[in-house]
Amino acid sequence: MAHIASDLALDIEPDFTSVTFEGIRNRIIGNSQLTHAEAANELATGWQQDRDIRLAAWMQQTNEEALLALEAAQAEHARLEQERLLLEQEAENACKKTEKKKPKINDFKVGTSVGDTLTPRPSQYAIHKLKSFKYVELWYFSPDGCKETADKAKSLADGTYGFTKVDDFIALKPVASFKPSCKVVQDHSLEWRQFDMAKNSFLLHINKPNWPEKHQRAITMFFMNIVSHPQRAEPFGE
């Protein structure tokens with residue numbers, strides 16, 4: 001059906017009894033016994049039936065147009081919402097990019113104290129032995145051994161360097177720092193003070209390369225048995 005341009009509910013029924021419709025009434029009457037009033041009534045009935053059909057079509061057209069308008073409005077709302085979200089995302093990305101460019105100051109924990117001493121470090125030779133789970137003399141972990149390492153580090157600026165592999169990278173290392181010391185003292189020749197201080201440093205450093213817990217406990221018990229040995233109570237026991 002063609003598009004209906006106006007609301008048919010506003011249509012007014014014509015006066016079919018008027019002179020305007022007299023010719024139509026005469027054709028309806030013809031050779032019949034109908035009166036002009038009955039012919040006018042026939043015209044009114046036909047007009048009403050046609051109006052009802054076109055009014056139903058008008059209602060269907062109105063509903064379809066309303067549905068199309070609703071779908072168009074929803075699509076437009078979705079488009080605008082998508083544009084809004086896109087603009088917000090772009091603004092957020094720009095803000096993050098700007099924030100990354102800003103200079104930042106490192107955070108710190110209030111109340112945290114900073115130590116005023118440095119823990120003595122044994123030589124790389126001794127550390128390498130620990131990482132390889134090989135024997136190394138306790139002297140390297142004593143104050144004397146760590147002091148020699150520190151003194152040697154100060155004089156290595158003009159020393160000889162060699163290549164070493166660190167993870168997946170190649171790095172330079174002082175050759176002297178990976179050599180055994182000529183001043184090393186064998187374990188059985190250590191003074192008691194040297195032994196007592198060296199064992200503590202040794203126990204600390206075997207924990208860093210993740211020695212097995214069982215082995216760490218065994219060595220700890222070995223040192224405790226030496227420290228608590230009854231012979232220490234004897235004259236010159238140490």
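Colleague: Quick one to start: where is isoleucine 24 placed?

Modeller: Isoleucine 24 is in helix α1, which covers residues 22-29. Keep in mind that this is a predicted model.

Colleague: And how exposed is isoleucine 24?

Modeller: Isoleucine 24 has 31% relative accessibility, so it counts as partly exposed. The cut-off for patch residues is over 30% relative accessible area.

Colleague: OK, which residues make the nonpolar surface patch?

Modeller: Ile24, Ile28 and Leu34 make it, and the patch comes to about 190 Å².

Colleague: Let's go inside. Which residues touch the most other members in the largest nonpolar core?

Modeller: That core has 16 residues, and the ones touching the most other members are Leu130, Val136, Leu138, Tyr140, Phe141, Phe195 and Phe202.

Colleague: Which elements give two or more residues to this core?

Modeller: Two helices do: α3, residues 124-131, and α5, residues 192-207. Helix α5 gives the most, with 5 residues.

Colleague: Say I click on phenylalanine 202. What is it in contact with, leaving aside neighbours within four places in sequence?

Modeller: You'd find phenylalanine 202 in contact with Leu130, Val136, Leu138 and Phe141, plus Ile219 and Phe223.

Colleague: What does the second, separate core include?

Modeller: Among its 6 residues are Phe16, Phe21, Ala40 and Trp47.

Colleague: Is glutamate 137 buried or exposed?

Modeller: Glutamate 137 is buried, yet it has no salt bridge. Lysine 129 is the nearest side chain of opposite charge, and it is 7.4 Å away. A salt bridge needs a side-chain nitrogen of Lys or Arg within 4 Å of a carboxyl oxygen.

Colleague: Then what is glutamate 137 in contact with, beyond its neighbours within four places in sequence?

Modeller: Its contacts there are Val184, Val185, Gln186 and Asp187.

Colleague: How many salt bridges does the structure hold?

Modeller: There are 9 salt bridges. One of them pairs the side chains of lysine 96 and glutamate 92, at 3.5 Å from N to O.

Colleague: Where do lysine 96 and glutamate 92 lie?

Modeller: Both are in helix α2, residues 36-101, and they sit 4 residues apart, about one turn of the helix. Lysine 96 has a relative accessible area of 47%, so it is partly exposed. Glutamate 92 is partly exposed too, with 37%.

Colleague: What does glutamate 99 form a salt bridge with?

Modeller: With lysine 102; their closest N and O atoms are 3.5 Å apart. Glutamate 99 is partly exposed at 39% relative accessible area, and lysine 102 also counts as partly exposed, at 44% relative accessibility.

Colleague: Over to α5. How far apart are lysine 199 and aspartate 196 in that helix?

Modeller: They are 3 residues apart in α5, about one turn of the helix.

Terms used
Residues numbered from 1 in each chain as written. Predicted model: local features only at pLDDT ≥ 70, side-chain atom pairs only at ≥ 80, totals over all residues. Heavy atoms only, no water. Patch = residues over 30% accessible without salt bridge, like charges linked within 9 Å, V, L, I, M, F, W, Y side chains within 5 Å. Areas by Shrake-Rupley, 256 points an atom, 1.4 Å probe, with all protein chains shown as cover. Buried < 20%, exposed > 50% of the residue type's maximum accessible area, 1.4 Å probe, protein only. Core = buried A, V, L, I, M, F, W, Y, C linked by side-chain atoms within 4.5 Å. Contact = heavy atoms within 4.5 Å. Lys, Arg positive; Asp, Glu negative; His and termini not counted.
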